[in-house]
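Subject: The structure we talked about

Hi there,

Here is the structure I promised to pass on.

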Amino acid sequence: MEEDPDFQIRFSSLCFITDHVGFHGTIKSSPNDFVVIEIDEQGQLVNKAIDEPIHKSSKVLPEANNFAKKTKIGFQNLSFEEGSNEKVSTLVRYSDDDRNHQSDSEKEDTISDGISKGEEEKVYALGSLLNEKTNELLNQFACDIKEKWNSNSELSGPSPEFSLGRILDKKQRAILHSAVRQKFPFLITVGKNTEIVVKPNLEYKELCHLVSEEEAFDFFKYLDAKKENSKFTFKPDTSKDHRKAVHHFVNKKFGNLVETKSFSEANYNAGNPNAVITVRFREKAHKHRKRSLECQERKVIYTAFTLQKENLEMFEAVGFLAVKLGVIPSDFSYAGLKDKKAITYQAMVVRKVTPERLKNIEKEIEKKRMSVFNIRSVDDSLRLGQLKGNHFDIVIRNLKNQINDSVNLRERILEAIESVKNKGFVNYYGPQRFGMGKKVRTDQIGLALLKNQVVKAVKLFLTPEDLDDPVNRAKKYFLQTEDAKGTLSLMPEFKVRERALLESLHRFGMTEEGCIQAWFSFPHSMRIFYIHAYSSKVWNEAASYRLATYGSRVVEGDLVCLDEDGDDEHLSSSKVHLVTEEEESSNTYAIRQVVLPVLGYNVQYPKNKVGLWYQEVLSRDGLQTCRFKVPTLKLNVPGCYRKILKQPHNISYQLREEHDTDVKAEGSHINEATLSLLISFDLDASCYATICLREIMKHDF
């Protein structure tokens, strides 16, 4: 594979927002020079000892749950907003894995699993939920789908859709979702924001090839009803191969919700034995978000702790901890990723591990430059983004003036810090988001995954750099031979991700299906990381284009954040406003309020040159029809919004002279040549210290 041609320029092309001169210097000379401490949601540094062992569970995401809580409302106040033709592709049926990693901005309509018995009969009366015209059109849509299927003609082109309009109340939407599915099990309902769209249920049609339509009809009604402790039984079947096919279909499509078993009939002929397949909901599918006291007594164990690591990639640290604790990497949850070449402190939660068990490995992990403390029991896991920000203590060494700049260096440093303190910096994603490889970057892997090119993504992940070390020799061997077993024998033990992928490839093969299984050896947060890397790369390019095109002016068609105190990473579309021509003329908004969308299915784009630029980039990358979902890998990418500018908080700094006898300075500026800057500041979540330093120093690292 050729070296990535834009490797050297991908960050040199980024813009600056300030106009000071800046200076040169070296960061991350050692991990001790770059200390990162997470700031939790309460504004506390996580490296401080915790006096109160009780974790505030109200601040963490509830346990993964497939269903919303019981709905107890009437039908008389359903309100609709019709006429929207916006395309929607959000499947309501989520897997455990996806739901566990959804942020608040990612959650969409879910179907209620507990319509009370008195209301259950009303669910079927769609006429009482929809106006006469919409109900008539829905029935016609359902008839058209059935006629198509019954005539054995394929549905050509995009999947047909029918919009029920916008329903303003979430609980009312849940009722309508269930009502449609109960009456028409061969249809599915899809939600985006407040709109409900109806589509053909292709899984229903697939099941009809295996069982009678009557059974398929009843099975999908059973699935949607979600009655606790209920069972569904298919008709008796004498063919073992046919039963196996039904088992395979149900478990492949709905294995996260239900389980299947075969039982012999009580009265059967020994020469022609009948067996029936029984389906029942898995126990975990019936846990409500607000669990009863009885459920709490048998809940999963969660242990929170602060992880301190030095010069260690976070995924590698999690993999090592998982091995020592006898769990898998996806049992760990955390609020954010941290730098490798640094000393970092971050909050973590591990499930299925007691505090005592975690304390027992403290000495073992010290050899890996890790330590754990603030260990205590909590009620639930963490989610990505569940932090206020990060505190940084950084040493910048070997400070020098920019070329041809003769102004006093100390003055230049003071000027630079004050400039960024007041004006902020362009809120780019930092280089660590994309990896430091010259051949392959994480965003390239993410693009391949978005295009469902899972085999290509595996090969990209295992592409070696031009280095002669055990890791790259193992990768080179794999690309030459595709021998997963042989590569495993060469891959060092500490490369946890690579080994997990290779073990899956050895088991399932280097086929399309095998590569899908291999990606599932990574936890959801790691799989989605690569797609986020691609979205981040596009956002960086968009920010540069926006500033080059319009500068600091807020223009018609820009998107602005109306919630000054809100977290822009979890900003709802209702808090994002499209700037009008009048607002541009009256300078209603400032550049610090402008946001750009991070790619996904649930964002709007600017209505100016920047919006056109987004469409051109998606077309360039072959994503013009992408819906930002990878169902085969259980990845949903709703997208979000990110402010173009951010500011550091609580800045403090100190200049000091280094007295290193090994350093020989040229010329007479020996004090300046050996000057170092100690700088501390806080950044909001998802902001990068290297990008802030880049703006201060006017220097690409």
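The buried residues of helix α17 are Arg497, Glu498, Arg499, Leu501, Leu502, Ser504 and Leu505; buried here means under 20% relative accessible area, exposed means over 50%, and partly exposed is in between (1.4 Å probe, protein chains only). Please keep in mind that this is a predicted model, in which local features need pLDDT of at least 70 and side-chain atom pairs count only at pLDDT 80 or more, while totals for chains, interfaces and linings use all residues. Residues are numbered from 1 along each chain as its sequence is written, and side-chain values use heavy atoms, with hydrogens and water left out.

The cover over those buried α17 residues includes α9 (314-325), α14 (454-461), α15 (470-481), α16 (484-490), α18 (512-519) and α19 (524-550). Helices (H or I, at least four residues) and strands (E, at least two) are DSSP runs, numbered from the N terminus. Just after α17 comes Gly509, with a positive phi of about 95°.

Helix α7 (residues 240-254) is the other helix I looked at: it has 15 residues and reaches 21 Å from first C-alpha to last, close to the 21 Å expected. Its buried residues are Arg243, Val246, His247, Phe249, Val250 and Phe254. Seen down the axis of α7, they fall within an arc of 165°, so they line one face of the helix; the arc is that of the directions from the helix axis to the C-beta atoms. The face turned away from the buried side carries the exposed residues Lys240, Asp241, Lys244, His248 and Lys252.

Next, the strands. Strand β18 (residues 594-598) pairs with β21 in the antiparallel sense over four bridges (two strands pair if DSSP finds at least two bridges between them). Val598 stands opposite Cys640 in β21. From β21, Cys640 and Arg642 point one way and Tyr641 and Lys643 the other, and all are buried. In a regular strand, side chains alternate between the two faces of the sheet.

Ser535 lies in α19 and touches Val598 and Leu599, not counting residues up to four places away in sequence; contact means heavy atoms within 4.5 Å. Ser535 is buried, at a relative accessible area of 1%.

What does Ile644, in the loop between β21 (640-643) and β22 (645-646), sit against? Leaving aside neighbours within four places in sequence, Ile644 is in contact with Phe425, Val426, Asn427, Trp539, Arg546, Leu547, Val594 and Leu596. Ile644 is buried, with a relative accessible area of 0%. Phe425 is 219 residues away from Ile644 in sequence, yet their C-alpha atoms are 8.4 Å apart.

For the whole protein, the secondary structure comes to 23 helices and 24 strands, and 52% of the 701 residues are buried. Among contacts with a separation of 6 or more, 76% are between residues 24 or more positions apart.

Key
The expected span of a helix is 1.5 Å times one less than its number of residues.
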